[in-house]
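Keep the structure open as you read.

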Amino acid sequence: MQLQWLLLLPALPAALAQKDGNDTLLWGAYRPNLYFGLRPRIPESLMTGLMWFGTQDYTSFGKARHTCEQNELDSYTWTEFDAREGGVQVLKDGLNNVKITTELLKVAGGEHGGSWAARVRGEPLRPDEPSRISTIFYLGLEGTGGVEMETDEEDDGIDGEIKFSGNTLQLDDFKVRIKDGPNNHHLTEGPFYEDFKDRVGKTHFVGRPLPSGSIWKAKDHILKAVVDRFREVITRYEAPALPDPSFILTLPDDVYTNSNLFAVQKTFDGPFQFDIFFESASAKQKLSSTTLDQGIPALLEAYNNRFEVAFPYPADYPAEKRQSLSAFSKAVTSNLIGGIGYFYGNSIVDKKFSYEWDEDEDAPLGSDGETGARLTEPKALLTATPSRSFFPRGFYWDEGFHLLHIGQYDNDLSLEILRDWINLIDQDGWVGREQILGEEARSKVPAEFQTQVPNYANPPTLAMAVTAFIERFKSQSTARGVPDQDLGMDIGTGQVPLSTTANTVPTTNAVESQYLNSPELAFSFLKSIYDPLKRHYEWFRRTQRGQIKQYGRKARSRTEAYRWRGRSEQHVLTSGMDDYPRGPPHAGELHLDLISWMAFFSRTMKDIATFIDEKEDAANFAEIEKAVIDNIEDLHWNEAEQMYCDAGVNEDEESYHVCHKGYLSLFPFLHSLLPADSPHLGAILNLLHDPEHLWSPYGLRSLSASHPEFGKGENYWKGPIWIQMNYLALSALHKTYAAQPGPYQSKAKAIYKELRKNVIDNVVKEYERTGYVWEQYDPLTGEGKRSHPFTGWTSLTALILAEKY
Ligand SMILES: *[C@@H]1O[C@H](CO)[C@@H](O)[C@H](O)[C@H]1NC(C)=O
């Protein structure tokens, strides 16, 4: 990276370093809900998208491709993707007999986030059958500024390159050019060719003025323009003697005044290729097809080398699987990073809503005292998405896992995303668990799930991202030879050991990181998130508190007990394990998973406070952490059942344990809260390793196969295998229970090995069989289930393969 020399300067100005590193993240495939959609990380600005349809018949037009849909394409994934440099995506469309490849090359330079070039290529999936594709690429401008078509309009379409120019405050002057590849073919025979021969093979276009906030509906407007033209022309013919669809399903070649949406259509017969160039004026580079011809192979070579550094192929896997497993790891990692979206808009919050069991509290309305469902101020968020088709928006519970994975490849990108999430923490310390920002995001969410309630929580996984960053920073510093005692603490006061800035050793992070190599930057980042994170932590302790003494419960700490608010009879959506069996709702119940998350969160707060030298806070967090862990034993361990359980309250107002064997029972282990010599560890390992209960050849089941509700009802968390939970188990085994001496160490080692293999083998097998990674896997057959592609936390499989925990 060209910035490397900057790291040699002892007193690197933080703002400068952040700006330069950040600049390469301005443009991106930040519309992951589209098969191919680029936009900058600016609230209202230029948005682009790609659509296509087949012209082999008239009906395929009704199935035009644009937004990622389940059960539409055979598969689609970025096979290589680097957020700063670009990547390659492969989309297989069986219905239209085409494999489309989208290549993106970002070209840094200038003062406005640089330029980019994209190539769209198509070739038949089945070479002996026709492949007739019409592609439409569009650009639309939201907000102030303007775009116009520079190329002269022609009634029958345009031969050769088509050019647009535009300007916005943040992008400054730019040009967009679209240019055909050298070997495209067009249908030059077929019904009524003579009538259309002046138009065939040309680029067709349209320009329309759209009201503010509606560029995301570009597809409707563009297809309407095609349909309007079709209606006009078709009157000259009589069924069944109709022109070939490729002749007649075209844009009208007109541009209305004040247009802010432009679309460019090309129609092909057989393999095709065209290039799109976005040139930022201040970058002063002229991009051409040669830029792509040379840039893409160079990008791929660099990517492959970097990938090896971050995700080394494991020594214990056979050499002959290397190619397929590496391709798998790259694809899931790339689609996770290529699935990062930038969202901007308002969301719906209801401050009044409350279930009866949550009602008797002085629990918080918002600090402004407002009630009722209402729209918030618009907010911006850069976030990974669990599934480009089904969940193209920000999910709190998933995001911590995403950031573990992204941080392993590009640490600084994971911090940019973390910072955006931290910015969502409100004055009370709350963050909505689903971030459905703006109308486009809401269009994918059923109405009943759109409203967020400010006393509802979600597993605080952002804490995992913080801990992971601190760990990466420490191991990077150790690699540089900085003694442990020099980490954290003194760093902020400027007493940086010379060795930390004197050289930049190769990192285990794929992309050169400024934050991992600069103690000042690491310190200032952690310091900047500390206050909001602490507010968030205190919000959890205040609003999700559970009752102890009311029901005669005995516990060493009188304060540390927790209960998810906002549960219904059948669901605890806030816990993230929606329909996992629990006791009946009651104001006095206590939730094991939440108290375990709180122990983990306390530990994270202790780590960050220690790092930034908040000594008193650190001591306080350490005390709370201990109190929480003591209370997990005192309130949640059931000696007769030999397991950890929720606690409920019966009709006699007495406390009892609610015990359902499954993921919930594992939580104190999953977060490494039990010491390696805990007398309860053996029972947990037995439970998870028992095929009658959680153990399957495909990974750990969410609910015991012997439980009466196993596989019943919605069957979301009643048996199916979830990869992020398996990741937590593997991480606890690898880092704690197989690593530290204790009576169960050898058992933990054996389980680790077996579980890791089971998870990898099954996810990869299903990927190869179906073309997708899945939201969850069947607990009896291992088959992929529900949303796909699910390159959110299921892609952690790549970390499991590389043993990065
Ligand atoms: C990075 O750039 C984005 C978009 O321009 C901006 O919102 C964000 O605050 C920047 N981050 C830093 C650390 O400057």
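**A guided tour of the chain**

Helix 5 (residues 289-310) packs against helix 6 (residues 322-337) at an angle of about 95°, and their axes lie 11 Å apart. Helices here are DSSP runs of H or I with at least four residues, strands are E runs of at least two, and both are numbered from the N terminus. Axes are lines fitted to C-alpha atoms, for helices over the stretch in contact, and angles run from 0 to 180 degrees between N-to-C directions. Helix 5 and helix 6 are therefore roughly perpendicular to each other. The cut-offs are under 35 degrees for roughly parallel, over 145 for roughly antiparallel and 65 to 115 for roughly perpendicular, with the rest oblique.

This is a predicted model: local features need pLDDT of at least 70, side-chain atom pairs count only at pLDDT 80 or more, and totals for chains, interfaces and linings use all residues. Residues are numbered from 1 along each chain as its sequence is written, and side-chain values use heavy atoms, with hydrogens and water left out.

Which residues in helix 5 and helix 6 meet? Helix 5 brings Y303, N304, F307 and E308. Helix 6 brings R322, S326, S329, K330, T333 and S334. Contact means heavy atoms within 4.5 Å. By class, the contact of helix 5 with helix 6 has 2 nonpolar, 5 polar and 3 charged residues. Ala, Val, Leu, Ile, Met, Phe, Trp, Tyr, Cys and Pro count as nonpolar, Asp, Glu, Lys and Arg as charged, and the others, Gly among them, as polar.

Now turn to the sheets. Strands of a sheet pair through backbone hydrogen bonds, either parallel or antiparallel. Two strands pair if DSSP finds at least two bridges between them. F174 has S280 in strand 15 as its bridge partner.

Another open sheet has 3 strands in the order 18-17-22, and its pairing is mixed. Strand 18 (373-375) and strand 22 (451-452) are the edge strands, each pairing on one side only. Strand 17 (residues 348-350) pairs with strand 22 in the parallel sense over 2 bridges. Here I348 has T451 in strand 22 as its bridge partner.

How is the chain divided into domains? The domain assignment gives domain 1 (4-306), domain 2 (341-383 + 393-517), domain 3 (544-651) and domain 4 (660-805). These bounds come from an automatic or database domain assignment. The centres of domain 1 and domain 4, taken over C-alpha atoms, are separated by 41 Å. Their contact takes 7 residues from domain 1 and 8 residues from domain 4.

Next, look at helix 15 (residues 615-636), where E625 lies. Is E625 buried or exposed? E625 is buried, because its relative accessible area is 7%. Buried means under 20% relative accessible area, exposed over 50% and partly exposed in between, with a 1.4 Å probe and protein chains only. Not counting residues up to four places away in sequence, E625 touches A599, S602, R603 and K606. Helix 15 also holds D630. D630 has a relative accessible area of 14%, so it is buried.

Finally, visit the loops. A447 is in the loop between helix 9 (438-442) and strand 22. A447 is exposed, because its relative accessible area is 60%.

Two residues other than glycine have positive phi. F192, with phi near 65°, sits in the loop between strand 11 (172-180) and helix 2 (193-196). F192 has 31% relative accessibility, so it counts as partly exposed. E653, with phi of about 60°, sits in the loop between strand 25 (646-649) and strand 26 (655-658). At 46% relative accessibility, E653 also counts as partly exposed.

Cis peptide bonds close the tour. One joins A239 and P240, with omega about 0°. P240 lies in the loop between helix 3 (218-234) and helix 4 (245-248). The bond from H788 to P789 is cis too, with omega near -5°. P789 lies in the loop between strand 30 (784-785) and helix 20 (797-802).
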